[in-house]
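Hi,

Here's the model I said I'd pass along. Have a look, and my notes follow below.

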Amino acid sequence: MSDTYLELANSNLGKKLFSAMGLPEPVTLVREDPKEPHKLSGQVLWGNSHGAAFEDAIGQCLKENKLIVGGTPMGVKGHLIYDASGIASAEQSSQLHTFFQQSLKALAPNGRVIVVGLKSSATNDVEQGTVQRGLHGFIKSLAKEIGRNGATANLILVDKGGEVSLQAPLRFLLSAGSAFLNAQILTAASPVASMAADWQRPLVGKTVVVTGAARGIGLAIAKVLSRDGAMVIGVDVPQSEVDLISVMSSLGGMALPLDITDHGAAVHLRDYCLTKGGELHAIIHNAGITRDKMLSRMSDHQWNMLMQVNLGSVQRINSALLDTDLLDNGGKIIGVASISGIAGNVGQTNYAFSKSAVIGMVETLADSCAARGITINAVAPGFIETQMTAAIPFLTRQMGRRLSSLGQGGLPIDVAEVIGFFVSPQAAGINGNVVRVCGQSLLGA
Ligand code: NAI
């Protein structure tokens, strides 16, 4: 579904009109170039707090990607990176203020602000741990100030031993793939498996399963993972078999028509993966449904059916896979939650319950997965332009779009790119993360 307001705001006539009328003018976001995905370009203004810990890791990333680094505000606009990990007192926080006050004018439209800090568990210094937590509030507020230019601000917190894992989130945040990720916190910890892979096609030789792959966000995930080199096994209900086969054959993948709520579906899916090569790199639990009704009028069927698709089957598939060693040493489990599961929504008690529980799944499985070399993470999409959101009444739909710092809804590919990042071998130090892909929606923020 197209966003007519956004298109108009970016037309020549619209620009003049909207500015004269004082209307919000959201900027068209720049997404990955399909011909050259993961290519980083542009200029970076980079600053470090006194005693910053990650200068080497950041410097290496910028050098390897041939990004031009300016030490003082540049003539050309670009991205801003600040290593705030050295800040250990209220007084020292002024370094953050000074850097950004001087450098914000150098931030390009669609540019990125990336702040790197310390996870509180990574320091024994109580004062430093306290002050580092302030970076959450800083980044969330700054994101609101810069969003109207399509620029985003995100925070990477480095846990003990996580310095070696910093490169992947830095690269991802600097890439066009992170266009709709805003005001989020990624935690980089010690890697749980090998991170060796090609940055341009990180999934070559890997098999991944995507549920709900026949359309919408699942289709975009299948395309992005296939672009990155994966062999995709797409799963969807038998009623969507024709679409599923057509999509999967265009991607050189495999179609598995299967209702994931069917008795024995989880074991069937696992056995399919075992017979098709005995290797599985990732399972993306994307299939999901809504059955909206006020709780007082919600039938048992509406509650139970939704819970089986969004939660029960996800748990059964995880159990079936984790009963084997299919995912061990490098595998990935990805949940698809929703900001409804964080903020709640009228008429969605069932949906919000199921999506909150997906976040619970990440929290409860993260440690045991890490011990086996597996990472588990989730995305919580906000307003994404799909058939699901096209069905929302006109005014509510407009509100859903404009209520984010970027002033627009996201596209399925925005969710898919974040999942592509989680699934890449280089993200082996990113575990137990739940990020909202919502352009910093005001809902539940
Ligand atoms: P969609 O309705 O366009 O696609 C969902 C796909 O899942 C469909 O192809 C459907 O056939 C499949 N599916 C449903 N039940 C299934 C079952 N029992 N077995 C196998 N496949 C099944 O939905 P959309 O918008 O692409 O959403 C994808 C995921 O993202 C869902 O989990 C949804 O809850 C979540 N999400 C979507 C948001 C949005 O704005 N569109 C916002 C937040 C979360």
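Which polar backbone atom is 2.8 Å from an oxygen atom of the ligand? That one belongs to Ile 217, and the pair counts as a polar contact (N or O atoms within 3.5 Å).

Some housekeeping: this is a predicted model, where local features need pLDDT of at least 70, side-chain atom pairs count only at pLDDT 80 or more, and totals for chains, interfaces and linings use all residues. Residues are numbered from 1 along each chain as its sequence is written, and side-chain values use heavy atoms, with hydrogens and water left out.

Arg 215 puts a polar side-chain atom 2.7 Å from a ligand oxygen, while an N or O atom in the Thr 386 side chain sits 3.0 Å from a ligand nitrogen. Of the ligand's own 830 Å² of accessible area, the protein covers 93% (Shrake-Rupley, 1.4 Å probe).

The shell holds 27 residues, each with a heavy atom within 4 Å of the ligand. Among those that come nearest are Asp 236, Asn 286 and Tyr 351. Helices α7 (216-227), α12 (349-371) and α13 (387-390) each supply at least two shell residues; helices here are DSSP runs of H or I, at least four residues, numbered from the N terminus.

One more stop in α12: Ala 370 lies in that helix. Leaving aside neighbours within four places in sequence, Ala 370 is in contact (heavy atoms within 4.5 Å) with Val 192 and Asn 431. Ala 370 and Asn 431 are 61 residues apart in sequence, yet 7.5 Å apart C-alpha to C-alpha.

Cheers

Methods. Polar contact = N/O pair within 3.5 Å; in protein donor to acceptor, adjacent residues only side chain to side chain.
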